[in-house]
Amino acid sequence: MLEDKLLVLKCRRGSKDAMCRIYLKYKDYMLTLAKGLLGDQAEAEDIVHDVFVAFARSSGKFQLTGSLKGYLATCVSNRARDRIRARTRQADALGSTIPLLAGSHDPEQHAAETEELTRLRQAMSQIPHEQREAIMLHLKGGMKFREIAKLQDVSISTIHGRYRYGLDKLRSLLNGEVEK
Amino acid sequence: MRPAEDIKKLIETLSDKTSAQMDQRVRENMLRALAESEKPSVLTRPKIGRTIMKSPITKLAVAAAIIIAVTLSINLWDKSTPSAYAFEQTVEAMKGKWSFHIQTFWGSPDWRKDEYWAEFDENGKVLRSRQEEWNGREEGDGPRQVTVWEDNTRDRYYPETGIELITRIGNTEPELVEFDPETTVQKVYEQVENGQANIDIQEPVMDDRLITITVTYAGSNAKSVLLVDPETKFVTRSDSYWWDSEAEHECSFGIEVLEYNQPFDASVFDLNLPEDTITIDQVSQEVGMAQGDMSDEEVASQIVREALEAWAAGDYARAGKLFGGAPPELLTKRYSHLRPLKQISLGQTQAVEYRKPWFEVPCTYDIEYDSQIERIEWKMNALAVDGQPERWYVSIEKTP
């Protein structure tokens, strides 16, 4: 936490080294989060790219009020939500019935993963985004329900509900139960 | 059957690594953005001078230019020429404001806080207003809440929960007055009059279009910068800076005026709610519970207990009234997963700092989840009802 604050302070003064260190520290964390939320490697990479570029652009005036990790996770989450909405709008415009998450994974990544993880990713793509968000931010983002609720400005109970329903649905999907 | 714990562990094993190409792309663009961010903007005008003066060649050129300029103009300028602009002109001009559309932000416009539209009567009182609270959310996310106020009624919509809360409030939220550029100007004027602040006026030179007023405060590191339109004398932007010693960084808060004295379309003051919105109306009906002889803490605890009991018993008419005038679907659909089976206990009430009495009441009770009984712990909110003196209601969400 202190290290992050120091890095942010250095970034505010234009330190390239500090900016790169922040990237190195959080790039995989953010990519995992983004891919978990979107299910698409290319889009997840774009989000991580956009978050860091936006962060660099505003670094001169950036003020860290909480943890940097939490801030970056929020940025990823917000941008992922935008992408989902854009997909919905696009699908609406085309009159398409394609699922929101097509799951166009990187074949190399697929090969490296176990079948179980691949099935998990497919199942993740079938649950509502709000539930996926609560699950990913809690389990992969390392954020507490209280923090997620505060960031999204909803009650802890709402986040807890989304998390529980999401896990429940994942369990049904992975166990081959029919979703209604 | 795969247990939930297995799925959690599986999710925790998800791990993606960035590729070398991606690393290169991000680094290049990130460092370019960092370099561009260091270029000074109009708002950091003082830094421009410092940056330019770092170069010895520029120093010489500037010195030469100053000598020429002074020599040429010395016979043209009367030393007693008064400034064409006086701050009083802005104080006076701002009184002619009858509508504004402003945006407020923390730190930089990237971190948008609120957006307001407001119309005023001839005495400067708010006739109607709309507030969109963004607090850092981006355009695609939509605002956290939208509020329309008119005729002593506040209509607020919470997009996350799909709840609309209508309350009777005689005055608008204090923020509107606080963020009103006229209030800022008036405060500065009074502080200057009382010797608590000094102002430095820089009139437009060359192609700079706006008058810059820098306000410094006696005995403080804080400062404000106001930008004034030289034609209308209206403040178009206000930035306040102060040093947060605890966080060891400079904080800033800004107000940007997007429009002055423009008539707004009626739709600006219409919430235009989605069809599935759940409306909690506290204006057209008596809601909640009378406080009677109970203290604030006692009534907070009592109303939460009764609301939970009514909900558990399936008495949605009573529960809805205690939950602030909520229709049954709030409890049967939106929050059905939180319906208590059996009330266990309530903890110590905790006061929440707010403009009206508000207490958080910790609750522990059983719910049915996945055909099993589970115990949950969380906090209900007991608040005074706006516009219904001595009455309290319970809110499930912390926001209303």
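Predicted model: local features only at pLDDT ≥ 70, side-chain atom pairs only at ≥ 80, totals over all residues.
Which residues in helix 3 of chain A meet helix 2 of chain B?

From helix 3 of chain A, the residues are A:Glu45, A:Val48, A:His49, A:Phe52, A:Val53, A:Ala56, A:Arg57 and A:Ser58. Across from them, helix 2 of chain B supplies B:Met22, B:Arg25, B:Val26, B:Asn29, B:Met30, B:Ala33, B:Leu34, B:Glu36 and B:Ser37. Sorted by class, this contact has nine nonpolar, four polar and four charged residues.

Now the geometry of that pair. The axis of helix 3 of chain A comes within 7 Å of the axis of helix 2 of chain B, which covers residues 20-37, and the two cross at roughly 20°. Because angles under 35 degrees count as roughly parallel, helix 3 of chain A is described as roughly parallel to helix 2 of chain B. The crossing of these two helices is right-handed.

That pair belongs to a wider interface. In total, 50 residues of chain A are in contact with 47 residues of chain B. On the chain A side, the elements giving two or more residues are helix 2 (16-38), helix 3 (41-58), helix 4 (68-94), helix 6 (115-124), helix 7 (129-140) and helix 9 (156-174). The class count for that side of chain A is 19 nonpolar, 15 polar and 16 charged residues.

Next, chain A on its own. Its secondary structure consists of nine helices and zero strands. Of its 180 residues, 46% are buried. If you take contacts in chain A between residues at least 6 apart in sequence, 65% of them join residues at least 24 apart.

Over to chain B, and to strand 18, residues 391-395. Is this strand enclosed or open? Four of its five residues are buried, so strand 18 of chain B is largely enclosed by the rest of the structure.

What does strand 18 of chain B pair with? One partner is strand 13 of chain B, residues 289-290, which pairs with strand 18 in the antiparallel sense over two bridges. Within that pairing, B:Ala290 has B:Arg391 as its bridge partner. Another partner is strand 17 of chain B, residues 372-384, which runs antiparallel to strand 18 and is joined to it by four bridges. Here B:Ala382 is bridged to B:Val394. Strands 17 and 18 of chain B form a hairpin with six residues between the strands, and in that hairpin B:Gly387 takes a positive phi near 80°.

Last item: two residues in chain B with positive phi that are not glycines. B:Asp151 has a phi near 55°, and B:Asn152 has one of about 60°. Where does B:Asp151 lie? B:Asp151 is in the loop between strand 4 (145-150) and strand 5 (153-158) of chain B, and B:Asn152 is found in the loop between strand 4 and strand 5 as well.

Why is B:Asp151 classed as exposed? B:Asp151 has 7 other C-beta atoms within 10 Å, and a residue is exposed if that count is 12 or fewer. B:Asn152 has 13 C-beta neighbours inside 10 Å, so B:Asn152 counts as partly exposed.

Definitions and conventions. Residues numbered from 1 in each chain as written. Chains lettered and ligands numbered in written order. Contact = placed C-beta atoms within 7 Å. Nonpolar A, V, L, I, M, F, W, Y, C, P; charged D, E, K, R; others polar. Axes fitted to C-alpha atoms, helices over the stretch in contact; angles between N-to-C directions. Parallel < 35°, antiparallel > 145°, perpendicular 65-115°, else oblique. Left-handed = near helix turned anticlockwise from the far one by under 90°. Buried ≥ 20, exposed ≤ 12 C-beta atoms within 10 Å, placed from the backbone. Pairing = 2+ DSSP bridges.
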